[in-house]
Amino acid sequence: MSHQMTQIGGNAFNHNQSSHTEAEYDRLRGLARQEQGKRALCFDKAHQAYERGDGAAAHQLSEEGKRHGQMVDQYNKQASEYIFRENNAVGRVDGDTIDLHGQFVEEAEDILEQRIKYAQSTGQTHLHVIVGKGNHSVNHIQKIKPRVEQVCQELGLQYLTEANAGRIYINLQGGPAHMPQEHIQHGGGYQQGHAQPNAGQQHYNQHQQGAGYPAHQQQQQPGGGHQQQGQNDEMEKIAKKFLPKILKYLEKQCCVVM
């Protein structure tokens, strides 16, 4: 398995973090890149051995390359889980919000799909997705936002870009994405996106309308600690559930972060 990974410079966290916290994230991504280089070198040498007719050496080098590939996946998985926990910790985001800062595009896609499923299954009507403004990306081009929009379109969900261009509002009920006035951030203005109707998804969403939020959903209210902790536990379960699937997407793809 071989692919190129690119980590864009800049802070991958959406909140003020200690230097140790950011260093740990960078360390894990750095280890993944090192293993990626070792894997590529092994596969290159394996090809050379095969070309000169040394099948045994080619096989040995190929197996060594696969082991380095497993380490690439392992370190990236650890980094993804680490930054997800940091950016979505209790008190850092509301219960109707998910922060995808620092994720590779494929990682962010799987996180979002699982979060949408969870939100719909618990009766949530909407979801705010923090995607970043692309300030740390090459040429300041947003990488996560287009994929989030693609997921919404595939699921038949309508969305809009909030006044803060680094956030997307998703209507989980299948209807138009009209963000309630109390959710509109200061600064004004947003762009609305329309996904193609998805009959199956809309039928599912109809059963979720009016269900409200689950008891363990994060709430920024006095005495809401237990609710916040429940949401945090659920988010960690989601992270552990979706991350193994990320590995399937890394083959022959270029992964980037915001």
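Helices (H or I, at least four residues) and strands (E, at least two) are DSSP runs, numbered from the N terminus. The model is a predicted one, in which local features need pLDDT of at least 70 and side-chain atom pairs count only at pLDDT 80 or more, whereas totals for chains, interfaces and linings use all residues. Residues are numbered from 1 along each chain as its sequence is written, and side-chain values use heavy atoms, with hydrogens and water left out.

Of the 17 residues of α3, 15 are buried, so this helix is largely enclosed by the rest of the structure; buried here means under 20% relative accessible area, exposed over 50%, and partly exposed in between (1.4 Å probe, protein chains only). Leu112 is found in this helix and is buried, with a relative accessible area of 1%. When residues up to four places away in sequence are not counted, Leu112 touches Leu127, Val129, Val148, Val151 and Ile170, where contact means heavy atoms within 4.5 Å. Leu112 and Val129 are separated by 17 residues in sequence and by 8.3 Å in space, C-alpha to C-alpha. Beyond the helix, α3 is followed by Gly123, whose phi is positive, near 85 degrees.

The protein as a whole contains 6 helices and 5 strands, which follow one another along the sequence in the pattern α-α-β-α-β-α-β-β-β-α-α. It has 258 residues, of which 49% count as buried. Among the contacts between residues at least 6 apart in sequence, 71% join residues at least 24 apart. The accessible surface of the protein comes to about 12,500 Å², and 48% of it belongs to carbon and sulfur atoms; these areas come from the Shrake-Rupley method with a 1.4 Å probe, and for residues only the protein chains shown count as cover.

Helix α1 comprises residues 19-51, and at 1.5 Å a residue its 33 residues should span 48 Å, which agrees with the 48 Å between its end C-alpha atoms. After α1 comes Gly53, whose phi is positive, near 85 degrees. The charged end of Arg29 sits over the ring of Phe104, 3.8 Å from the ring centre, a description that requires NZ of Lys or CZ of Arg to be within 6 Å of the ring centre and within 35 degrees of the ring normal.

Two asparagine side chains reach backbone atoms elsewhere in the chain. Asn87 is found in helix α2 (residues 55-87) and counts as buried because its relative accessibility is 0%; its side chain reaches the backbone oxygen of His101 at 3.3 Å. Asn171 lies in strand β4 (residues 167-171) and is likewise buried, with a relative accessible area of 10%. The side chain of Asn171 reaches the backbone nitrogen of Gln173 at 2.8 Å and the backbone oxygen of Gly175 at 3.2 Å. Once neighbours within four places in sequence are left aside, Asn171 is in contact with Thr125, Leu157, Gln158, Pro176 and Ala177.

Key:
Polar contact = N/O pair within 3.5 Å; in protein donor to acceptor, adjacent residues only side chain to side chain. Expected span 1.5 Å × (residues − 1).
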